[in-house]
Amino acid sequence: MGKEVSLKRSLILWHIVVIGIGFMAPTVVFDTFGIVSKATGGHVPAGYLVTTIAILFAAGSYRKMVRAFPTSGSAYTYVQKTMNPSLGFMVGWSLLLDYLFTPMISALVCSIYVSTLFPNFPVWLTIVIFVLVTTLTNIFSVKISVSVNLLFVTWQFITVFVFTALCIIHLLQAKGPEGLFSLEPLYSSKLNFSLLMSGAALLAFSFLGFDAVTTLGEETKDPKKTIPNGILLIVIIAGVLFITASYFEQSALSLFPKIEDIEGTSSFLAKYLGGEFFQSMLFSASLASTFASGMVSQTSASRILYAMGRDGVLPRKYFSYVHPRFRTPVYNIILVGLLSLTAIFLTLETATSFITFGALTAFTFVNLSVFFHYIINERKRGIKSVLNYLVSPFIGTGLMVFLWTNLNYHAIVLGISWGIIGISYLLVLTKIFRKDLSKIIFEA
């Protein structure tokens with residue numbers, strides 16, 4: 001019965017943009033500012049600029065692949081269809097790191113915020129309530145999730161705008177108009193290229209929202225047009241917002257006493273800029289971002305599991321099931337919710353390391369899948385095709401390699417460990433490759 005029910009096509013362009021931005025969480029620029037400022041030696045906007053350029057190439061590759069395969073599997077589907085089914089499975093397995101651990105991170109951050117306000121409130125209970133709310137919202141309808149996300153995203157944008165405006169006002173008062181146009185946050189004699197790239201690699205997960213919307217290909221009206229346009233808008237909006245907000249925050253930071261609490265840099269700066277009231281406003285926006293990001297990541301994880309279940313690489317009966325009334329993959333949503341509860345036992349550093357590894361894996365292989373699909377399989381050979389399907393994706397791949405070489409050691413170890421688990425499962429699934437994975441998928 002589950003196989004006879006399909007996902008409901010109801011999403012249009014603004015839905016896609018809201019979902020993507022909601023996943024990215026605009027206020028993440030403040031949540032990670034202190035850590036990235038230390039990692040880049042005080043050049044956060046430069047780090048965002050490098051990452052944005054690399055992501056634009058990756059986004060271009062995603063747009064090309066969505067037009068070719070407008071389904072729910074994202075990087076898993078693209079690599080599986082164009083390169084190799086087993087490799088596609090491993091890329092999908094790595095991508096699951098992002099979408100299974102992002103809800104956990106959102107739950108952890110939410111518990112930290114709540115603990116700040118209510119120190120005696122149990123952390124485990126905060127996480128349970130958070131998971132319950134996001135799970136129930138996702139079960140009923142993807143459009144309900146979008147509507148709730150719109151409210152959270154709007155509040156975050158207002159907060160980012162006010163934060164930036166306050167930075168500008170203080171800079172004008174302290175240094176005059178010339179204080180607004182300093183190159184120091186972008187380039188200075190203290191800039192270390194290695195540190196900059198390390199910070200840029202850390203920021204890659206901030207842009208994962210454009211990947212998230214590619215998992216909604218089967219729930220979007222005219223996906224070959226809507227999702228590529230949405231991807232471009234999401235990356236441009238996020239890039240401009242992150243670079244601008246971090247530029248003025250980095251500039252304004254020098255006007256106030258040194259902040260020792262690295263993780264709380266933006267919170268303390270908010271108090272200097274606008275008093276306790278604005279500090280509370282930033283707090284509420286950051287709290288809203290945890291729910292927005294948590295809901296969207298749970299949506300995306302359930303759709304990737306759905307695609308893998310439909311292909312038979314995960315048990316079909318459960319993972320490809322779609323509820324006949326809600327038209328959502330209910331079992332997958334509940335599973336992701338249950339896994340999110342493990343946030344009770346995890347640290348924020350561990351969960352974040354998992355996400356960065358998965359994001360770079362997906363971005364790298366989607367770039368490569370463009371070359372294999374259009375140049376190798378479709379045999380497109382014109383000058384325009386070479387530029388679009390060979391030069392552009394390989395520039396994107398090269399930029400990703402730079403980020404890979406500066407990836408945190410712990411992220412690599414954790415990612416490889418997750419990969420070993422995936423390979424072990426693949427060996428069981430294919431009976432040590434005696435059974436062709438493509439036949440398993442074809443039989444689905």
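Entry 1: I began with Lys271, which is partly exposed at a relative accessible area of 38%. For this label I used a 1.4 Å probe and protein chains only: buried is under 20% relative accessible area, exposed is over 50%, and partly exposed lies in between. Lys271 forms a salt bridge with Glu276, their closest N and O atoms being 3.9 Å apart. I took a salt bridge to be a side-chain nitrogen of Lys or Arg within 4 Å of a carboxyl oxygen of Asp or Glu. Glu276 is exposed, at 55%.

**Entry 2: what I am working with.** This is a predicted model, where local features need pLDDT of at least 70 and side-chain atom pairs count only at pLDDT 80 or more, while totals for chains, interfaces and linings use all residues. Residues are numbered from 1 along each chain as its sequence is written, and side-chain values use heavy atoms, leaving out hydrogens and water.

**Entry 3: Glu219 and Arg303.** Next I found these two side chains in a salt bridge, 2.7 Å from N to O. The pair links distant parts of the chain, 84 residues apart: Glu219 sits in the loop between H10 and H11, and Arg303 in helix H12. I noted helices as DSSP runs (H or I, at least four residues), numbered from the N terminus. Buried or exposed, I wondered of Arg303? Arg303 is buried, at 0%, and Glu219 is buried too, at 1%.

**Entry 4: Arg310 and Glu218.** Here the salt bridge spans 2.6 Å, N to O. Arg310 belongs to helix H12 (residues 265-310), and Glu218 lies 92 residues away in the loop between helix H10 (209-212) and helix H11 (223-253). Glu218 is buried at 13%, whereas Arg310 is partly exposed at 28%.

**Entry 5: the tally.** My count comes to three salt bridges.

Notes: Helices (H or I, at least four residues) and strands (E, at least two) are DSSP runs, numbered from the N terminus.
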